[in-house]
Amino acid sequence: MSGHSYDAEKYWKANLRLIFGSLIVWALVSYGFAILLRPMLSGIPIGGTDLGFWFAQQGSILTFIGLIFHYAWRMNKIDEQFGVSEE
């Protein structure tokens with residue numbers, strides 16, 4: 001019984017580490033690049049506009065979509081590692 005709860009604890013630690021990492025990336029892109037660092041990124045041209053505006057409009061959305069796929073891929077790996085995969 002203790003081995004099962006220990007594995008469950010490690011599983012949830014890995015899951016929470018992935019969630020917190022994703023939240024850090026999300027905050028960095030949405031608040032950091034799009035809002036706080038926008039003045040610093042305004043001089044870098046990309047796609048007809050500046051990089052700060054691009055992150056605020058499109059870069060954040062593309063990053064969020066990338067985070068969703070990354071989270072699903074990593075959770076599948078974590079599930080396989082701990083023997084709780086859906087297959």
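Helices (H or I, at least four residues) and strands (E, at least two) are DSSP runs, numbered from the N terminus. The model is predicted: local features need pLDDT of at least 70, side-chain atom pairs count only at pLDDT 80 or more, and totals for chains, interfaces and linings use all residues. Residues are numbered from 1 along each chain as its sequence is written, and side-chain values use heavy atoms, with hydrogens and water left out.

Helix H3 spans residues 51-82 and has 32 residues. Its end C-alpha atoms are only 41 Å apart. A straight helix would reach 46 Å at 1.5 Å a residue; the expected span is 1.5 Å times one less than the number of residues. H3 bends by about 50° at Gln 58. The bend at a residue is the angle between axes fitted to the seven residues ending there and the seven starting there.

Buried means under 20%, exposed over 50%, and partly exposed in between (1.4 Å probe, protein chains only). The buried residues of H3 are Leu 51, Gly 52, Phe 55, Gly 59, Ser 60, Leu 67, Met 75, Ile 78 and Asp 79.

Both ends of H3 show local features. At the start of H3, a side-chain oxygen of Asp 50 comes to within 3.1 Å of the backbone nitrogen of Gly 52. This is a polar contact, a pair of N or O atoms within 3.5 Å; within protein, one must be able to donate a hydrogen and the other to accept it, and residues adjacent in sequence count only if both atoms are side-chain atoms. After H3 comes Gly 83, with a positive phi near 70°. Ser 85 also lies in the segment after H3. Ser 85 is partly exposed, at 30% relative accessible area. The C-alpha atoms of Ser 85 and Met 75 are 9.1 Å apart, and the two residues are separated by 10 residues in sequence.

The structure holds 2 salt bridges. A salt bridge is a side-chain nitrogen of Lys or Arg within 4 Å of a carboxyl oxygen of Asp or Glu. Side chains of opposite charge can pair when their charged atoms come close. Arg 38 forms a salt bridge with Asp 50, with the closest N and O atoms 3.4 Å apart. This pair links distant parts of the chain: Arg 38 is in helix H2 (residues 38-41) and Asp 50 in strand E2 (residues 49-50), 12 residues apart. Arg 38 is partly exposed, at 27% relative accessibility. Asp 50 is buried, at 16%.

Lys 13 and Glu 9 form a salt bridge as well, at 3.5 Å from N to O. Both residues lie in helix H1, 4 residues apart, about one turn of the helix. An α-helix has 3.6 residues a turn, so residues three or four places apart point the same way. Glu 9 is partly exposed, with a relative accessible area of 44%.

Further residues of helix H1 were examined in turn. Ser 30 is found in H1 and is buried, at 12% relative accessibility. A polar atom of the Ser 30 side chain lies 2.8 Å from the backbone oxygen of Trp 26. Gly 21 also lies in H1 and is partly exposed, at 31%. Its C-alpha atom is separated by 9.8 Å from that of Tyr 71, 50 residues away along the chain. Leu 28, another residue found in H1, is partly exposed at 45%.

A nonpolar surface patch is formed by Leu 16, Phe 20, Leu 23, Trp 26, Tyr 31, Ile 35 and Leu 36. Together these residues have about 730 Å² of accessible area, from the Shrake-Rupley method with a 1.4 Å probe; for residues, only the protein chains shown count as cover. Patches are made of residues with over 30% relative accessible area and no salt bridge: like charges are joined within 9 Å, nonpolar side chains (Val, Leu, Ile, Met, Phe, Trp, Tyr) within 5 Å. Ile 35 lies in helix H1 (residues 2-36).
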